[in-house]
Amino acid sequence: MSTPRSLVIAARAMGREECEALAKRVLSFATADETRVTINSGARGNTRFAVNQISTAGDNYDATVSVRSTFGKRTGVVNTNKLDDASLKAAVQLAERLAQLSPDDPEAMPELGPQTYAASRGWSDATASLDPSARANAARLITEPARAAGLISTGYLETRAGATAVANSKGLFAYDRQTALSLTTTVRTEDGTGSGWAGATSHDFALLNPGDLATRAIDKARRSVNPVAVEPGRYTVILEATAVGNLVQFITGAMSARNADEGRSFFSKAGGGNKIGMKVVDERVTITSDPLDPETYANTFSGDGQPISKTSWIENGIVKNLSYDRYWAQKQGRASLPGPGAVRMSGGTATIDQLIESTERGILVTRFWYLRPVDPRTILYTGLTRDGTFLIERGRITRAVKNLRFNESPIFMLNNLEAMGRPVRVSASEAGGPGLAIVVPPIKVRDFNFTSLSDAV
Amino acid sequence: MLALDAARSAGAQYADVRISRNRVQSISTRERRVQGLSDNETFGFGVRTLVGGAWGFAASSELTRDEVARIARQAVAQAQANRAALVRPVVLAPAPATKDGTWRGPAKIDPFDVAIEEKVALLLSANEAALKVSGSRFVNSAMFFLREEKTYANTDGTYTVQTIYRASPTLTVTAVSSDFSDFQSRQSDTAPMGRGYEHVLDAKLVENASRWAEEAVQKLSAKPVEVGRYDLVLHPTHLGLTIHESIAHPTELDRVYGYEANYAGTSFVAPPEQMLGKFRYGPDFMNIQGDRSQDGSLAACGWDDDGVQPETFLIIKNGVVNDYQTTREQANWLDWWYKQQGKPTRSHGCSYAQSWADVQFQRMPNVSLLPGEQNLKWEDLIAATDRGIAIVGDGSFSIDQQRYNAQFGGQLFYEIRGGKITGMLKDVAYQMRTPEFWNAMDMIGGKDSYWLWGAFGDAKGQPSQSNAVSHGCPPTRHRQINVINTGRRA
């Protein structure tokens with residue numbers, strides 16, 4: 001049955017005028033030297049399926065107001081989701097009291113004045129209006145073929161539709177709204193010896209193809225049965241785009257100029273300073289962020305109201321930019337630059353089949369799991385392969401192999417680059433949520449360091 | 001009650017509602033400045049319904065009569081949509097109703113009654129003590145407090161009101177070598193607890209800061225470990241995380257039945273028919289307890305989010321798998337085992353949702369390794385070890401989706417030779433296969449060395465929800481475990 005429209009809350013997110021009015025209301029209660037108001041509102045919906053049926057689902061709506069009050073160099077922050085006048089006034093008063101109780105912050109920066117922002121584009125009505133029955137239908141496009149194939153499907157569909165607004169007592173106002181969704185599935189064989197995964201994420205539900213994900217996961221589940229053990233060690237690997245996204249996001253997550261300048265980052269230079277201008281990975285690698293790129297739509301302003309535009313972080317293997325907060329930028333005589341969120345990595349033209357055909361002996365990886373930092377000096381991570389790991393011999397996939405643990409750095413990996421395919425947007429978050437957009441290619445690299453075998457399927 | 005009535009009249013056979021007011025305060029500092037000072041409150045409600053064996057859930061932050069009724073009807077409509085593909089209907093195990101229950105966590109000092117100035121002064125004093133140590137360059141410290149007031153009601157007649165407290169003090173010191181060629185950090189062994197501000201005072205940040213700073217500096221000149229097999233002596237500040245990953249997660253019953261296969265994973269402790277009463281997890285002296293009652297533990301509560309009063313149960317008994325973590329939905333799945341054991345089929349009280357906006361599901365309670373009969377201490381285990389490594393504090397951690405293959409780092413690593421600590425090591429991580437690791441345990445500390453480790457960030461479910469749990473344990477020794485060196489340069 002279809003869900004009555006009147007009950008659907010999926011498209012609720014506060015509009016620009018509503019946010020402006022609410023921000024004005026909050027600012028009218030303020031007595032601090034400077035006040036910033038951040039408003040986040042939106043709806044989230046999710047449907048989970050397991051053992052070929054829907055297991056749980058949830059829909060929620062929330063709107064929160066964050067008040068940041070500053071007296072001189074003292075600041076306090078209060079967040080609340082109670083939006084009546086009395087609650088908002090109490091929140092402002094508490095933020096002001098916290099600020100007055102806080103010691104002077106020598107790094108305090110004044111609020112920005114009005115800024116100009118590019119109009120954001122990341123909203124899709126198809127995503128915002130997806131209701132529980134439509135989500136259930138999408139889930140059935142995976143559970144039905146899996147059941148028909150005698151396999152067991154599990155998966156997750158999440159939608160987000162939200163708006164963010166930042167306003168301050170100096171007249172700054174920024175507003176943006178975005179949608180995002182992800183659909184991922186793991187299909188297992190009944191005897192538990194095979195498991196295949198497929199997933200996708202986008203801002204627009206119309207760009208997702210649940211049936212295609214089902215086909216890919218089913219195929220991998222069937223082909224991954226009865227894996228054999230290979231000796232851990234250095235291997236040539238072909239990483240599907242999801243596996244590349246799993247690792248490359250740790251590079252962009254470590255690009256703080258301050259940490260580098262302080263000597264506690266991979267981007268610290270021996271002897272002092274940072275690695276801007278130095279070559280750190282293969283010259284074919286370029287990593288950019290652009291909130292107006294249709295595959296990496298994101299907010300066009302930062303949390304403190306700075307405009308965000310297209311930025312090159314690594315260009316032809318050379319570090320072009322690190323992120324500078326406003327204080328550190330001023331201290332170092334640089335322009336401030338908010339950190340990379342959604343990113344795109346350059347690619348090549350090879351198809352996965354061509355990458356396989358060119359490989360004498362190697363391992364194909366579908367995705368990684370339980371990635372955790374081991375050594376921040378080299379961005380070294382550990383983790384395991386999962387849900388589709390295959391041996392390549394003489395240019396073709398010959399059989400499934402047991403999962404492997406690795407200890408490897410995406411920096412080392414991108415120095416050992418052999419070839420790249422076409423970049424695609426991937427579901428790079430292990431938890432399967434929409435998260436920030438990550439667009440990366442499948443790649444072939446040599447000497448990937450596997451350190452032990454896992455019996456897990 | 002309005003929510004339950006609306007859900008029932010819309011066709012729900014069962015419904016429950018949680019209303020929660022959640023207040024969080026956090027203060028973070030670095031060196032001589034306050035980086036962040038915030039006070040957050042979130043308030044809302046969630047309604048869960050069961051219609052024809054399918055779940056529905058909806059939540060909102062607007063607690064008005066109209067919105068409550070609308071959300072309840074929405075949860076029913078969603079359950080009806082979800083029923084379309086139903087294969088195995090949900091059947092709840094019986095649970096006695098609690099008509100009017102109240103429970104309050106054991107906070108002696110409500111953190112929200114303590115002046116901000118006092119908290120800030122304490123953190124900045126601790127930072128100052130750390131910075132006095134030569135070679136210590138950076139220090140971050142923080143406090144986090146939560147007070148949740150949670151009201152729960154269900155259509156079986158249960159009505160409970162609970163107040164939950166959590167407190168977490170932390171401090172991390174980073175030392176950087178003079179030529180910028182190396183940096184090392186030391187995180188404090190200050191586990192979060194289900195207590196009030198007294199937990200921060202007991203952590204003695206100011207008194208301990210200089211020791212943590214000295215240890216960070218020592219790590220710069222520690223000897224890189226040689227790869228190989230070592231006897232490991234594991235401190236409770238380290239072992240709690242290993243228990244969390246390699247015992248607590250694989251004995252979650254939803255994982256065992258494949259419900260978490262798409263993210264958190266399944267479990268090697270499956271199927272239950274081949275595990276319960278049969279599978280040897282570790283030596284005879286290994287007993288693993290599930291509970292939500294240890295004083296000051298993070299999972300402690302009066303009733304879970306199914307409205308069930310939790311009980312204490314043995315997950316591993318004398319080294320053999322004895323039970324799993326369950327909710328009302330899941331207890332029936334083990335009906336055959338409980339009958340065999342002459343026990344009633346009931347939930348162990350492991351239902352939990354991280355907030356009013358999230359649906360509850362099976363989450364781990366406190367899962368603890370019970371102390372051994374001999375009252376051995378950390379020093380006794382080291383004295384009995386000829387060639388080994390002692391590990392203090394938790395570090396990097398990773399484990400596969402069925403919980404076989406794990407890798408753990410730590411905060412401090414000490415070389416043991418001839419029963420004595422002979423120096424500090426660095427770049428240490430051990431790799432293990434869960435059953436072999438626990439069966440390689442040959443020594444265990446006693447009750448005087450038992451300590452409650454804890455964490456806020458236990459992640460599971462989609463959307464991923466955070467659970468807060470404690471894991472108590474004494475120190476242990478494990479023979480001949482594979483140790484790798486993680487200090488690669490290229």
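Mentor: Start with the overall build of chain B. With 490 residues, a compact globule would have a radius of gyration near 23 Å, and chain B has 24 Å, which agrees. Keep in mind that this is a predicted model. Along its principal axes, the C-alpha trace of chain B spans about 70 × 55 × 45 Å. Chain B holds 12 helices and 25 strands. Of its 490 residues, 67% count as buried. Now look at the contacts in chain B with a separation of 6 or more. Residues 24 or more positions apart account for 75% of them.

Now the rings. A pair of aromatic rings is described by the distance of the centres and the angle of the planes. A search of the whole structure finds 25 aromatic pairs over all chains. Take A:Phe250 and A:Tyr381. Their ring centres are 3.8 Å apart and their planes meet at 10°, so the pair is stacked. The cut-off behind that word is simple: planes under 30 degrees apart count as stacked. Next, find the two residues in the fold. A:Phe250 sits in helix α6 of chain A, residues 241-252. A:Tyr381 sits in strand β13 of chain A, residues 380-393. The pair therefore ties together parts that are 131 residues apart in sequence. Both A:Phe250 and A:Tyr381 are buried.

A:Phe368 and A:Phe406 form an aromatic pair with 4.8 Å from centre to centre. The angle between their planes is 55°, and the pair is tilted. A:Phe368 belongs to strand β12 of chain A, residues 361-375. A:Phe406 belongs to strand β15 of chain A, residues 404-408. So this pair ties together parts that are 38 residues apart in sequence. Both A:Phe368 and A:Phe406 are buried. These two residues also have aromatic partners. A:Phe368 and A:Phe406 form one aromatic cluster with A:Tyr235, A:Phe448 and A:Phe450.

Go back to helix α6 of chain A. A:Ala241 has its place there. Its relative accessible area is 9%, so A:Ala241 is buried. What does A:Ala241 touch, not counting residues up to four places away in sequence? The answer is A:Val424, A:Val426, A:Val440, A:Pro441 and A:Pro442. A:Ala241 and A:Gly421 are 180 residues apart along the chain. Their C-alpha atoms are separated by 8.6 Å.

Next, some details of the backbone. A:Val51 is not a glycine, although it has a positive phi of about 50°. A:Val51 lies in the loop between β1 (34-50) and β2 (53-71) of chain A. Its relative accessibility is 29%, so A:Val51 counts as partly exposed. B:Asp427 has a positive phi of about 60° and is not a glycine. B:Asp427 is in the loop between β20 (420-426) and β21 (428-433) of chain B. With a relative accessible area of 12%, B:Asp427 is buried.

Chain B also has cis peptide bonds to look at. One runs from B:Ala270 to B:Pro271, with omega near -5°. B:Pro271 lies in the loop between α7 (253-256) and α8 (272-275) of chain B. Another cis bond joins B:Gln462 and B:Pro463, where omega is about 0°. B:Pro463 lies in the loop between β23 (451-460) and β24 (465-473) of chain B.

Finish with B:Arg65. It lies in helix α2 of chain B, residues 65-82. At 62% relative accessibility, B:Arg65 counts as exposed. The cut-off here is over 50%. B:Arg65 and B:Ala3 are 62 residues apart along the chain. Their C-alpha atoms are separated by 8.7 Å.

Notes: Residues are numbered from 1 along each chain as its sequence is written. Chains are lettered from A and ligands numbered from 1 in the order in which they are written. This is a predicted model: local features need pLDDT of at least 70, side-chain atom pairs count only at pLDDT 80 or more; totals for chains, interfaces and linings use all residues. Side-chain values use heavy atoms; hydrogens and water are left out. Helices (H or I, at least four residues) and strands (E, at least two) are DSSP runs, numbered from the N terminus. The radius of gyration is taken over C-alpha atoms; the globule rule is 2.2 Å times the number of residues to the power 0.38. Buried means under 20% relative accessible area, exposed over 50%, partly exposed in between (1.4 Å probe, protein chains only). Contact means heavy atoms within 4.5 Å. Rings of Phe, Tyr and Trp (its six-membered ring) pair if their centres lie within 6.5 Å; planes under 30 degrees apart count as stacked, over 60 as edge-to-face and the rest as tilted.
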